[in-house]
Amino acid sequence: MLIDAPHFDAHVPTLGVSRSRLGNGSTIEIGVMFRLVPFFALAVAAMAGDPQYEVSGRFTPEGEGSVSLYGVASPFTASTVSDDGHFSFKRLAAGAYTIAVFLPGRGEARQTIEVGPSTADARQRVVLALDFKDSDFVVQDALRRQHSVPASQLAVPEKAQREYQEAQKDLARREVEAALKHLERAVEIAPQFSAAWNNLGTIAYQTQRFQRAEECFRQSLAADPDSYEPLVNLGGVLIDLHKLDEAWTYNVYAVLARPNDALANAQLGMTYFGLGKLDLAEKRLIEARRLDPAHFSHPQLFLAEIHLRRGDRRSAADDMEDFLKHHPDWPRAERMRQTIAELRQ
């Protein structure tokens with residue numbers, strides 16, 4: 001988001017494979033609970049020299065605002081200003097992204113998008129029509145940033161702010177090491193710089209340095225206890241570190257703060273899943289899917305696992321079909337289709 005302090009939602013569930021038995025004694029594999037394939041897919045695309053893509057489109061309601069794009073599984077951010085609801089981003093790698101639209105006076109709305117062969121046309125363009133409802137916009141934090149910035153953040157020196165802005169430029173060029181140096185200098189100059197700590201935590205998470213990510217998100221939240229991003233991000237990384245009781249606390253707070261955030265609902269669902277509370281997990285995962293059907297946390301795969309554990313093969317097949325509808329370039333799509341056929345037998 002292009003506002004005073006851009007933020008990043010870090011959590012992508014990490015890879016773990018859950019094997020559930022079919023009636024014929026064979027097994028199927030569903031990647032749930034920990035790192036799923038988007039990070040792997042991006043790496044393969046880069047090595048294979050796959051084409052770069054352009055994402056363009058328009059959002060409604062129209063108005064002057066900003067549009068930001070965040071990489072889900074690898075460090076990347078880009079922002080543009082829109083006068084009439086139109087936007088464009090070029091030279092993008094295949095993968096999942098979070099697109100954020102910020103309109104002054106209205107707030108911010110987010111949605112997950114997939115960029116790849118199945119969503120692009122013959123010229124490698126992905127064309128979007130983002131039709132947001134009033135309920136999709138988060139108003140509270142937007143107004144807070146405009147009118148009541150905490151004193152600790154107002155005290156961040158201009159030099160630290162410049163380091164932070166240089167880091168964002170580096171991330172737009174996918175120069176991660178350079179971005180890290182700028183961010184480290186920013187928090188060295190201003191240890192209370194919450195957004196810089198959160199950014200460091202996000203990069204640490206995306207490069208699978210989970211302990212470091214936890215440290216950075218805690219520093220960010222300590223610097224600005226009312227900031228939502230480090231709250232939900234800390235709740236996510238604690239799942240990866242298997243600190244589920246503490247993860248539950250932060251993810252409950254996140255859902256209470258933003259009931260309509262797909263990420264918060266998905267992470268609370270994952271936490272309940274890890275704690276073996278499947279009914280509660282199902283409720284939150286269904287809500288995450290409703291809020292953002294293509295969300296990068298892949299709630300459909302967790303729901304499929306829950307339904308398989310209950311012996312509900314048809315519902316599990318439905319979950320997987322819904323997943324492939326929104327993630328057509330999933331590297332294991334063909335194997336999943338075979339699994340769906342087996343479940344429907």
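Contact here means heavy atoms within 4.5 Å. In this predicted model, Pro157 is in contact with Ile189 and Ala190, once its neighbours within four places in sequence are left aside. The protein contains 14 helices and nine strands, and 55% of its 345 residues count as buried.

**Overall architecture**

- Among contacts between residues at least 6 apart in sequence, 62% join residues at least 24 apart.
- The accessible surface of the protein amounts to about 15,000 Å², and carbon and sulfur atoms account for 51% of that area.

**Nonpolar cores**

- In soluble globular proteins, nonpolar side chains tend to be buried together.
- The largest nonpolar core comprises 37 residues, and Leu234 and Val237 have the most contacts inside it.
- At least two residues of this core come from each of the helices H6 (194-206), H7 (210-223), H8 (228-240), H9 (244-257), H10 (262-274), H11 (278-291) and H12 (299-309).
- Another core, of 24 residues, lies apart from the largest one; Tyr53, Phe87, Phe89 and Val126 are among its members.

**Helix H4**

- Helix H4 spans residues 158-172, 15 residues in total; the distance from its first C-alpha to its last is 21 Å, close to the 21 Å expected at 1.5 Å a residue.
- The buried residues of H4 are Ala160, Glu163, Tyr164, Ala167, Gln168, Asp170 and Leu171.
- Viewed down the axis of H4, these buried residues fall within an arc of 160 degrees, so they line one face of the helix.
- An α-helix has 3.6 residues a turn, so residues three or four places apart point the same way.
- The packing partners of the buried H4 residues are strand E5 (77-82), helix H5 (176-189) and H6.

**The ends of H4**

- Pro157 is situated in the loop between helix H3 (151-154) and H4.
- With a relative accessible area of 31%, Pro157 is partly exposed, because the class runs between 20% and 50%.
- Pro157 and Ala190 are separated by 33 residues in sequence, yet their C-alpha atoms are 6.9 Å apart in space.
- Arg174, which follows H4, has a positive phi, near 60 degrees.

**Aromatic pairs**

- Seven aromatic pairs are found in a search of the whole structure.
- One of them joins Phe76 and Tyr97 in an edge-to-face arrangement, with 6.0 Å centre to centre and 80 degrees between the planes.
- Phe76 lies in the loop between strand E4 (65-71) and E5, and Tyr97 in strand E7 (residues 95-103), so this pair ties together parts that are 21 residues apart in sequence.
- Both partners are buried: Phe76 has a relative accessible area of 6%, and Tyr97 one of 2%.
- For Tyr164 and Phe193, the ring centres are 5.3 Å apart and the planes stand at 40 degrees, so the pair is tilted.

Note on methods:
Residues numbered from 1 in each chain as written. Predicted model: local features only at pLDDT ≥ 70, side-chain atom pairs only at ≥ 80, totals over all residues. Heavy atoms only, no water. Core = buried A, V, L, I, M, F, W, Y, C linked by side-chain atoms within 4.5 Å. Buried < 20%, exposed > 50% of the residue type's maximum accessible area, 1.4 Å probe, protein only. Helix = DSSP H or I, 4+ residues; strand = E, 2+ residues; numbered from the N terminus. Expected span 1.5 Å × (residues − 1). Arc of directions from axis to C-beta. Areas by Shrake-Rupley, 256 points an atom, 1.4 Å probe, with all protein chains shown as cover. Phe/Tyr/Trp six-rings, centres within 6.5 Å; stacked < 30°, edge-to-face > 60°.
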